[in-house]
Amino acid sequence: MRIILASQSPRRRELLERMGITGFEILPARGEERVDPALSPDQLVEALSRQKADEVAGKLGPDDLVIAADTVVALDGRVLGKPTSPENALETLTALSGREHQVYTGFTVRRGEEIVTGHEVTAVRFRPLAREELRAYVATGEPMDKAGSYGIQGRGCVLVESLCGDYYNVMGLPVCRLAQVLTRFGINGLTGEGVEA
């Protein structure tokens, strides 16, 4: 059985490796994301992860296992996407300053017609931040390809005062939940080794 990660995210690749899963292949989904604007953040990430898994599974054999994920940041129920400009990143970070927001990651594991989709949510609180601090962070360039305009695994860690939930979910993959699901597909989520299904 081949294991395929339907993402080119270096963070997701690193987290799978931390789980002991090695020898997987990377085949990112390339299709246009189709989303219903009426979806809540949890429904949105589940729908997007399922789209990615379905697209990649369509190029593979029925015994290949696909892992797909999608992450968004939400403030007051409103999804904050990746910044479109440094000014937009600064605006987003200013809105998050001193407040709690939610990070949602949806995931789908698919092998043939066997499909499991779920999501995890982590509450993250930023400390109150001075405008100069935020400008300096934006100037590093780190926020520009990140949902919510920050990366907790990078310099953005100094913005975070506290969190409640799965830290790795904020990085883009809810490893605890994913490990439980992978066991259902015959992969030991603790060691990455095959187990009896």
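1. Some ground rules. The model is predicted, with local features needing pLDDT of at least 70 and side-chain atom pairs counting only at pLDDT 80 or more, while totals for chains, interfaces and linings use all residues. Residues are numbered from 1 along each chain as its sequence is written, and side-chain values use heavy atoms, leaving out hydrogens and water.

2. Start with helix α3 (residues 86-96) and helix α4 (residues 131-139), whose axes come within 10 Å and cross at roughly 135°. That angle makes α3 oblique to α4. Helices here are DSSP runs (H or I, at least four residues), strands are E runs of at least two, and both are numbered from the N terminus. Axes are lines fitted to C-alpha atoms, for helices over the stretch in contact, with angles from 0 to 180 degrees between N-to-C directions. Under 35 degrees counts as roughly parallel, over 145 as roughly antiparallel, 65 to 115 as roughly perpendicular, and the rest as oblique.

3. Who meets whom? From α3 come Pro86, Ala89, Leu90, Leu93 and Thr94, and from α4 come Arg131, Leu134, Arg135, Tyr137 and Val138. The residues of this contact split into 7 nonpolar, 1 polar and 2 charged. Nonpolar covers Ala, Val, Leu, Ile, Met, Phe, Trp, Tyr, Cys and Pro; charged covers Asp, Glu, Lys and Arg; the others, Gly among them, are polar.

4. Now the rings: the count comes to 2 aromatic pairs. Rings of Phe, Tyr and Trp (its six-membered ring) pair if their centres lie within 6.5 Å, with planes under 30 degrees apart called stacked, over 60 edge-to-face, and the rest tilted. Phe126 and Tyr150 have ring centres 4.8 Å apart and planes at 75°, so this pair is edge-to-face. Phe126 sits in strand β6 (residues 114-126) and Tyr150 in the loop between α4 and β7 (160-164), so the pair ties together parts 24 residues apart in sequence.

5. Buried means under 20% relative accessible area, exposed over 50%, and partly exposed in between (1.4 Å probe, protein chains only).

6. Tyr167 and Tyr168 also pair edge-to-face, at 5.4 Å centre to centre and 80° between the planes. Tyr167 is partly exposed at 32%, and Tyr168 is partly exposed at 29%.

7. Leaving aside neighbours within four places in sequence, Tyr168 contacts Leu15, Arg18, Leu173 and Val175 (heavy atoms within 4.5 Å).
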